[in-house]
Amino acid sequence: MSKVAVIGAGSWGTALSIVLADNGCEVAIYARRQEQVDEINHQHTNHRYLPDITLPANIVAYPSYRQVLEGAQYVLIALPTAAIRTALREMVKELDHCPLLIHSSKGLEPDTYKRVSEMIAEEVPESKRRGIVVLSGPSHAEEVSRRSPTTVVVAAPELKQAEEVQDLFINQHFRVYTNTDMLGVEIGGALKNIIALGAGLSDGLGYGDNAKAALMTRGLTEIARLGVQMGAHPLTFAGLAGVGDLIVTCTSRHSRNWRCGYAIGQGKPLNEVLQSMGMVVEGVRTTKAAYQIAQDKKVEMPITKELYHVLFEGKSPRQAVDDLMGRGRTHEMESRFFDDFNRYF
Ligand SMILES: NC(=O)C1=CN([C@@H]2O[C@H](COP(=O)(O)OP(=O)(O)OC[C@H]3O[C@@H](n4cnc5c(N)ncnc54)[C@H](OP(=O)(O)O)[C@@H]3O)[C@@H](O)[C@H]2O)C=CC1
Ligand SMILES: O=C(CO)COP(=O)(O)O
């Protein structure tokens, strides 16, 4: 039986713990608040993040990294991106063996704009990690925890490690695909949150399905434009971590990013919305990161740029939509994608 250390007892860490526990793993979950540890261990619930869900008894919570990591063959990181580097530094002090590290967070580090796998590679010495794998795709915690059919993708530079993680998670409710384009999977997962904010905002303004379809389609184009420039495979964005996650996040009321955008579209100030959410909204910081990377790399990302102006510079959302609609005429197909496609096939 494998032991998996899960770092983060929020919605996603808990939902993935249920998948692992269903698969017979010994699951040790790190929670930083003692009352949450007690709730998970004695009531088998995590009411704040997943109300009405009963957790399997083979999920045990601990308030210390040492206890969680002890003897774990796998470590799953499910924290908000902004908390990961500090957590890794604490974790490494307690790690005395070499597990496979899996991360499932969807964002870029504030200030450095690094991907999560880059942070892990920087903070965890090679002697303390067998490899790094990302898990992503269209998967709301609320549905995974109810064992509703879900598909995800796991990606690692070495296919064998992605396959090992596929074996760990796959079951009748949770179907896992593999990919070797870790960069593309991380970028797709992080940047779809920007577009989900935009989709919520459009709905909050009272615009219709046409506007949302436009945001999703052109949003995917700009995500792929930046991702390919950074070195991703173009077809990754046609997969679960690209269009798949974009669909689920832009169209579901489970999405915190969509809900945040919706409230802003209805006229609520960003700070107030974030405070009332009680859970992480990764897309806000990721908008800043992607805007900056796009500027540096001279990649056109009109939706990201307008959202940046709305979130951080007080631009009116309606004006942002008008400016997007009034942009210069352009061709839908981008020759750079064909060039990249030809490079791969
Ligand atoms: N929820 C979902 O459906 C999905 C989420 N994701 C991604 O997973 C990541 C985590 O999101 P999610 O679980 O939803 O977030 P939540 O807001 O639900 O939970 C965050 C968790 O992280 C803990 N935490 C926050 N800061 C720290 C810290 N400094 N040290 C230790 N623990 C900390 C919180 O603890 P406390 O309660 O004590 O504050 C809480 O347990 C995000 O990147 C998200 O995009 C990916 C797929 C699906
Ligand atoms: O990534 C998710 C679903 O795949 C969750 O999205 P939110 O963070 O917007 O809730």
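Mentor: Let us begin with a definition: a crossing is right-handed if the near helix is turned clockwise from the far one by less than a right angle, and left-handed if anticlockwise. In this predicted model, H8 passes H9 in a right-handed crossing.

Trainee: Why is H8 called roughly antiparallel to H9?
Mentor: The axes of H8 (residues 182-204) and H9 (residues 209-230) cross at roughly 155° and come within 9 Å. Angles over 145 degrees count as roughly antiparallel, and H8 is therefore roughly antiparallel to H9.

Trainee: Which residues bring H8 and H9 together?
Mentor: On H8 they include Leu 183, Ile 187, Leu 191 and Ile 195, and on H9 they include Leu 215, Ile 223 and Leu 226. The residues of this contact between H8 and H9 divide into 11 nonpolar, six polar and three charged. Gly counts as polar here, and Gly 184 of H8 and Gly 219 of H9 are among the contact residues.

Trainee: What is the handedness of the crossing of H11 and H12, and which residues make the contact?
Mentor: H11 passes H12 in a right-handed crossing. Arg 256, Cys 260, Ala 263 and Ile 264 of H11 meet Leu 270, Val 273 and Met 277 of H12. These contact residues of H11 and H12 comprise six nonpolar, no polar and one charged. Arg counts as charged, and Arg 256 belongs to the H11 side.

How values were computed: Residues numbered from 1 in each chain as written. Chains lettered and ligands numbered in written order. Predicted model: local features only at pLDDT ≥ 70, side-chain atom pairs only at ≥ 80, totals over all residues. Axes fitted to C-alpha atoms, helices over the stretch in contact; angles between N-to-C directions. Helix = DSSP H or I, 4+ residues; strand = E, 2+ residues; numbered from the N terminus. Parallel < 35°, antiparallel > 145°, perpendicular 65-115°, else oblique. Contact = placed C-beta atoms within 7 Å.
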